[in-house]
Amino acid sequence: MLINHLFAQKTVFSLEVFPPKTDLGQQKLLNSLSGIKGIHPDFISVTQGAGGSNNQSMLSLASQIQTDLQIPVLAHLPGLYRDQNDVRRFLADLDRYQIHNVLALRGDYQPGQTTPRVFPHAADLAKFIQQTGQFDITGACYPQKHPEAPDLITDTLNLKTKVENGVNHLITQMIFDNDQFYAFQERLRLAGINVPVEVGIMPCTNHRQIKRITELAGITMPKKFTAMMDRYQDCPEAMRAAGIAYAIDQIVDLVAHGVDGIHLYTMNNPEVAQQIWAATHTLFEANPAPRPQLNHA
């Protein structure tokens, strides 16, 4: 199943996981993911490090999800520290596992490591992957602007290049303010970027973890969200409950506004995904497809 075909059929619901560092950790994750079959995610994305150091663990986890759990996989492929031969080998490995959905990423710079400079941008990698003709290509996008982009116009034009180079579907960085996504959606419309966009949602169940991630990514938090974190940061159970409720509230609003899909950053916590799906699944099931693009002005 090519992921891009899903969007003409339904409002998509997908998850992201990352390969644990040990075999035992990976088996525990697979055991917990087996319970996720009941929520029927449309696909699961599997991450890997910028340098591809965990290629084998990523491929092992991805193949088991797709083969054993019968859930389509979106394989992350950062290109910054790879040359053309590296990418060809990785794509060949994916093909052997019948995985044909790829998330083309630049990847983060690693201190002390030099790059081949073959794929300095995700758009360069997407163009190279497209030439193989075998893969459906997904790209990342940043509703508040990529932290390295000088302004919104430049960021939007870079994103358009990425789409022109073969990206069929976009997944946003995590957002905590739906209005920022609606403004981003309008910029895409004005730029003529018409591919489906899934919104990345990360339930805040760990105050320190979310604070670290958002600071690194340069994400601005709405007052409603920061008030929640400040109020419950010293009570893990309350923070977990409030974070899940906040994510559910975001999803209800987004699906009601005709969003193409929701991509849940699980941080390898399938139980949270199950709770969120239990509270929202009727919304996804009630949405007919295809859906018109709505004006949120």
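This report describes model confidence, aromatic contacts and cysteines in a predicted structure.

The protein chain has a mean pLDDT of 90, and 95% of its residues reach 70 or more. Residues 291-297 fall below 50; beyond near neighbours in sequence, this stretch makes 15 contacts in the model. Where pLDDT is low, the predicted coordinates should not be read in detail.

Eight aromatic pairs are counted in the model. One of them joins F13 and W277, whose ring centres lie 4.8 Å apart. The planes of F13 and W277 meet at 35°, so this pair is classed as tilted rather than stacked, a class that requires planes under 30 degrees apart. The two residues are 264 residues apart in the chain, and their pairing links distant parts of it: F13 belongs to strand β1 (residues 12-17), while W277 belongs to helix α10 (residues 270-286). Ring pairs also bring F284 into a cluster with F13 and W277. A further contact with an aromatic ring involves a charged side chain: R82 lies over the face of F90, at 5.0 Å from the ring centre.

The model contains zero disulfides. For C204, the nearest cysteine sulfur is that of C235, 13 Å away. This separation exceeds the 2.5 Å cut-off, and therefore C204 and C235 do not form a disulfide with each other.

| Residue | Relative accessible area | Class |
|---|---|---|
| F13 | 1% | buried |
| W277 | 12% | buried |
| C204 | 1% | buried |
| C235 | 36% | partly exposed |

Conventions
Residues are numbered from 1 along each chain as its sequence is written. This is a predicted model: local features need pLDDT of at least 70, side-chain atom pairs count only at pLDDT 80 or more; totals for chains, interfaces and linings use all residues. Side-chain values use heavy atoms; hydrogens and water are left out. pLDDT is the predictor's confidence in each residue, from 0 to 100. Contact means heavy atoms within 4.5 Å. Rings of Phe, Tyr and Trp (its six-membered ring) pair if their centres lie within 6.5 Å; planes under 30 degrees apart count as stacked, over 60 as edge-to-face and the rest as tilted. Helices (H or I, at least four residues) and strands (E, at least two) are DSSP runs, numbered from the N terminus. Buried means under 20% relative accessible area, exposed over 50%, partly exposed in between (1.4 Å probe, protein chains only). A charge sits over a ring if NZ of Lys or CZ of Arg is within 6 Å of the ring centre and within 35 degrees of the ring normal.
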